[in-house]
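Please open the structure in a viewer and keep the selection tool at hand.

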Amino acid sequence: MAEAHSAVAFSFAITHEGVHVNYDREVLHVIWHSGVRSWRRSFRRVVNSVRCGVFPATLSSLALTITGYNAMYLTRDLHKSDIDPSFGLIDLLRRHIKLDEPVKGIVCCTVSGFAVWFGVFIFMKYTLRTLFLYKGWMYEARGKGRTVSVASRLWFLAVKMMTKFSRPMLYSYQGSLPRLPLPALDDTMKRYLRSVRPLMDDENYERMQNLALEFQKGIGKKLQRYLLLKSWWATNYVTDWWEEFVYLRGRSPIMVNSNFYGTDAILLRPTRIQAARAANVTHAAFLFRRLVDRQQLQPIMVQNTVPLCSYQYERTFNTSRVPGVQTDKIVHYGDSTHIAVYHAGRFFKMPCYYKGALLTPRELQIQFERILAEESVPEKGEAYLGALTAGERKPWAEARMRFFRKGVNAASLDIIERAAFVLVLEEEECDYDENDPSQLDKFGRTMLHGKGYDRWYDKSFNVIVMKNGKIGFNAEHSWADAPVMGHLWEYIMVEDIFENGYDSDGNCTGKLTCDPPVPTRLKWELNPECIQVIDNSFRVAEALLNDVDLRLYMHTLYGKGLMKKCRLSPDAYIQMALQLAYFRDAGKFNLTYEASMTRLFRDGRTETVRPCTIESAAWVKAMEDKSSTDEDCVTLLRKACGQHQRGYQDAMCGKGIDRHLFCLYVISKYLEVDSPFLNEVLSEPWRLSTSQTPHGQTNRMDLTKNPDCISAGGGFGPVADDGYGVSYIIAGEDTLFFHISSKKSSPVTDSKRFARQIEKALLDMKNLFESAQKK
């Protein structure tokens, strides 16, 4: 029990000479700093909560108002003036408060000043919330030659006036964000039927119309009433059910099926020293966590005016998804001063603070070098331990209860789950070679699933550092959506490359201020029965990852520069290219998913945009019809892009289709009523699932000046067994990246073939505009 002995801070012995006390000053010093840190965090959190709670007013305005009221009332008494700044409130209070002067006057003035300030604060808060309900600005065209309506100009001016007096913190706008509105049932039915029209022949469409009408006039009314009640009561009528039923109740592996990944700036090689890159990234991540904890991170603002909901940032660090037999849960720990490191089949606890201070990158590099130099070998079963988090959820939950509830296993598991995040020191190299596209594919696969056992997929995120210094991440999806992870990743890249940097030898810069604590290897006691469960989970994970067909395609012929010249939304342009590519690949249209955000509302997450529309189908058919003229194709493409943009705007403004239908389906299950319409809608497969990787959420990286910092973005696994998962990033004026995933076991999909179809579709669209302009 060496662990128990090392945990003792002091001991004592009783002899005939008295009591002798022995204590470890270093351990007591650590305990002292830990307590001080905890109290400081708690105090700061309370102060920040108050400051955010009174936004858009400020605490300084409260102090100024109270002081002003006392001063004005005192001045009135001195000059025998009849002017009463409280309009009689102070005199009323003086008649009922039994105190001696001058205390009575001060108390009455203070209460009056607070009452006036509070009234103004409430007015400002609810005025701001009312202003944020306006979404007309979303639907107005932007760019040269476009004018903004008078209503939007007045709205913009009013919002600026409400928020100009105080600088917002990360969560300042949370109390002013409106609730997600519940769409009318008939509006959702109309949008749904329109979205499926290009996917069905006349007979099937008529059948679906009848199902929708029967639902709308029947059980749908009752379900809508219950959902309306929830929309009044809850801050967001979708988010809690979405998190529980879409993520946490899923019993299939989260590796590939749920977790997503991000990659490095592929053209950049700041250092080839693995320990140095890991140290800079770790230091930057903790700086970001500090900004979140202190709420010094500025909220993301749309057009520098409208805030996005920031609640998802709270669970970025110190968070783990804990498996359950029927449903998982997200556990967030208040604080953590260490990370968990995986290397060569072993887990380590690596302290990142010493005497209350964050270690410098140079000191963190020493710790990573110690781990890399550690020559111990994994115990039996230890190397594949992470496979438990990669396999089916139920066996992992049962194994956790049987083998990890107490003793050494429980202590080590607790260290991993409480860690700020997990960092993986890979033993292999990945890089980008423009002459060998398979290298980029390998990089993506390493980030998406690794070997199936060398990640802790339950953690909020894993940072992966390759042997040659290339980096990436694998993120669990239930706690937040990709933009939050993208924000963290952008911050890390900027800090790593531009702020901390490396010396001429590739090591971290800066001086050593202390001898950093030594990382400790985690201990495990894995019996044969537990090892068998680990092996079973690994076999499930291995079969899943071996079935992944991933292709990373870098398109350099043109980027958003040409799309803007065509006066089309870059996102809509790419979505139309994907529709054309899919039709050519599959020979038909299919249900298409594009993720959009609803973070303009409190606790918002995502909504579905359906890019396969009547207009997009008409354009694709025209492109495949040799009798169609270029002018006709351009006209149809503009209509299709316009319709897609309206669909995206509707989704962001709470007028989506799928989250509404999803919540109606959940209520039907609670009420134990059956709806043929909802059963069919919720069982429709998304054979083309797409998402744009967010970037540019910070203004600290200028890609024009630093083109090598262009990121390849990230991706995810296929949603349907016979479909594609496509993530794309508009990386620059002349560069696009596509992450295309599918399953090798499917006879109808091929990621490399689909990449070629995307390439051809983008080229045909470019030639289409050039040809139309010449005529």
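**First stop: a loop residue.** Select Asn468, which lies in the loop between strand 13 (461-465) and strand 14 (471-475). The model shown here is predicted. Is Asn468 buried or exposed? It counts as buried, because its relative accessibility is 5% and the term applies under 20%. Next, display the side chain of Asn468 and follow it to the backbone oxygen of Cys430, which it reaches at 2.9 Å. Leaving aside residues up to four places away in sequence, Asn468 touches Thr271, Arg272, Glu429, Cys430 and Asp431.

Now select the strands of the open, eight-stranded sheet, whose order is 15-9-8-12-13-14-3-20, with mixed pairing. Strand 15 (520-521) and strand 20 (714-715) form its edges; each has a single partner strand, so one side of each has no neighbour in the sheet. Strands of a sheet pair through backbone hydrogen bonds, in either a parallel or an antiparallel sense.

Within this sheet, select strand 3, residues 260-263. Strand 3 pairs with strand 14 in the antiparallel sense over four bridges, and with strand 20, also in the antiparallel sense, over two bridges. Which residues stand opposite Gly262? In strand 14 the residue opposite Gly262 is Phe473, and in strand 20 it is Gly714. Side chains in a regular strand alternate between the two faces of the sheet. In strand 3, Phe260 and Gly262 point one way, Tyr261 and Thr263 point the other way, and all are buried.

Select Ile339, Phe368, Phe421 and Phe677, which touch the most other members of the largest nonpolar core, a set of 113 residues. Helix 11 (residues 274-293) gives the most to this core, with 12 residues. Then centre the view on Phe368 and show its contacts: beyond residues up to four places away in sequence, Phe368 touches Ala275, Ala278, Ala279, Thr282, Ile339, Val341, Met350, Leu423 and Leu425. In soluble globular proteins, nonpolar side chains tend to be buried together.

Select helix 8, residues 202-217. Its 16 residues reach 22 Å from the first C-alpha to the last, close to the 22 Å expected at 1.5 Å a residue. Colour Tyr205, Met208, Leu211, Ala212 and Phe215, the buried residues of helix 8. These residues lie on the same side of helix 8, because they cover an arc of only 120° around the axis. An α-helix has 3.6 residues a turn, so residues three or four places apart point the same way. Finally, turn to the face of helix 8 directed away from its buried side, where the exposed residues Asp202, Glu203, Glu214 and Lys217 are found.

**Last stop: a partly exposed loop residue.** Select Gln303, located in the loop between strand 4 (301-302) and strand 5 (306-307). Gln303 is partly exposed, with a relative accessible area of 44%. Not counting residues up to four places away in sequence, Gln303 touches Trp137 and Arg142. To finish, select Gly717 as well: Gln303 and Gly717 are 414 residues apart in sequence and 32 Å apart in space, C-alpha to C-alpha.

Notes: Residues are numbered from 1 along each chain as its sequence is written. This is a predicted model: local features need pLDDT of at least 70, side-chain atom pairs count only at pLDDT 80 or more; totals for chains, interfaces and linings use all residues. Side-chain values use heavy atoms; hydrogens and water are left out. Buried means under 20% relative accessible area, exposed over 50%, partly exposed in between (1.4 Å probe, protein chains only). Contact means heavy atoms within 4.5 Å. The expected span of a helix is 1.5 Å times one less than its number of residues. The arc is that of the directions from the helix axis to the C-beta atoms. A polar contact is a pair of N or O atoms within 3.5 Å; within protein, one must be able to donate a hydrogen and the other to accept it, and residues adjacent in sequence count only if both atoms are side-chain atoms. A nonpolar core is a set of buried Ala, Val, Leu, Ile, Met, Phe, Trp, Tyr and Cys residues joined through side-chain atoms within 4.5 Å. Two strands pair if DSSP finds at least two bridges between them.
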